[in-house]
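Here's a quick tour to read with the sequence and the model side by side. Have both open before you start.

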Amino acid sequence: MRVEIRNEARVHLWYGEHFGVPAVPFTPTTDDDGGLRSYAPRGYRDLFDRRIVPNPVLSPRRVYEDKTRRWAAEWPALEVVPWPEAPRH
């Protein structure tokens with residue numbers, strides 16, 4: 001399995017112009033006595049289940065759909081949750 005590691009500390013500088021939605025700068029991660037600390041407020045279940053869930057607050061629909069299409073082609077075992085439909089009033 002290939003793993004990609006990316007530095008996303010500067011994403012907020014170009015994200016808005018590229019995707020049309022502003023991005024908040026990421027807060028720093030810390031090194032804790034040679035170990036790593038992780039922050040997962042919603043847990044790791046989706047990660048371990050290979051489940052991709054949209055975040056309409058952070059990303060536009062077309063970005064989510066383009067990325068998940070690429071990821072699903074590379075990793076067919078992924079479960080891609082569809083973009084939520086707008087509520088009907």
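## A glycine after the helix

Which residue takes a positive phi just after α1? That's G20, with a phi of about 80°. Keep in mind throughout that this is a predicted model.

## The overall layout

Of the 89 residues in the protein, 15% are buried. The accessible surface comes to about 8,300 Å², and carbon and sulfur atoms own 55% of that. As for contacts with a separation of 6 or more, 53% of them join residues 24 or more positions apart.

Helix α1 covers residues 11-19, and V11, Y15 and F19 are its buried members. They sit on the same side of α1, because they cover an arc of only 30° around the axis.

What do the buried residues of α1 pack against? Their partner is α3. Turn to the other side of α1 and you'll find L13 and E17, both exposed.

## The core

Five residues build the largest nonpolar core: I52, Y64, L78, V81 and W83. In soluble globular proteins, nonpolar side chains tend to be buried together.

L78 is a handy one to click on. Skip its neighbours within four places in sequence, and its contacts are R50, I52, W71 and A72. One of these, I52, also belongs to the core.

## Nonpolar residues on the outside

Some nonpolar side chains are out on the surface, too. Y44, L47 and F48 form a nonpolar patch there, and together they have about 340 Å² of accessible area. L47 belongs to helix α2, which runs over residues 45-48. Is L47 buried or exposed? Its relative accessibility is 58%, so L47 counts as exposed, the cut-off being over 50%.

V57 is another one to look up. You'll find V57 in the loop between β3 (51-52) and α3 (61-74). Its relative accessibility is 77%, so V57 counts as exposed as well. How far apart are V57 and V21 in space, C-alpha to C-alpha? The distance is 9.5 Å, although the two are 36 residues apart in sequence.

Conventions. Residues numbered from 1 in each chain as written. Predicted model: local features only at pLDDT ≥ 70, side-chain atom pairs only at ≥ 80, totals over all residues. Heavy atoms only, no water. Core = buried A, V, L, I, M, F, W, Y, C linked by side-chain atoms within 4.5 Å. Buried < 20%, exposed > 50% of the residue type's maximum accessible area, 1.4 Å probe, protein only. Contact = heavy atoms within 4.5 Å. Areas by Shrake-Rupley, 256 points an atom, 1.4 Å probe, with all protein chains shown as cover. Patch = residues over 30% accessible without salt bridge, like charges linked within 9 Å, V, L, I, M, F, W, Y side chains within 5 Å. Salt bridge = Lys/Arg side-chain N within 4 Å of Asp/Glu carboxyl O. Helix = DSSP H or I, 4+ residues; strand = E, 2+ residues; numbered from the N terminus. Arc of directions from axis to C-beta.
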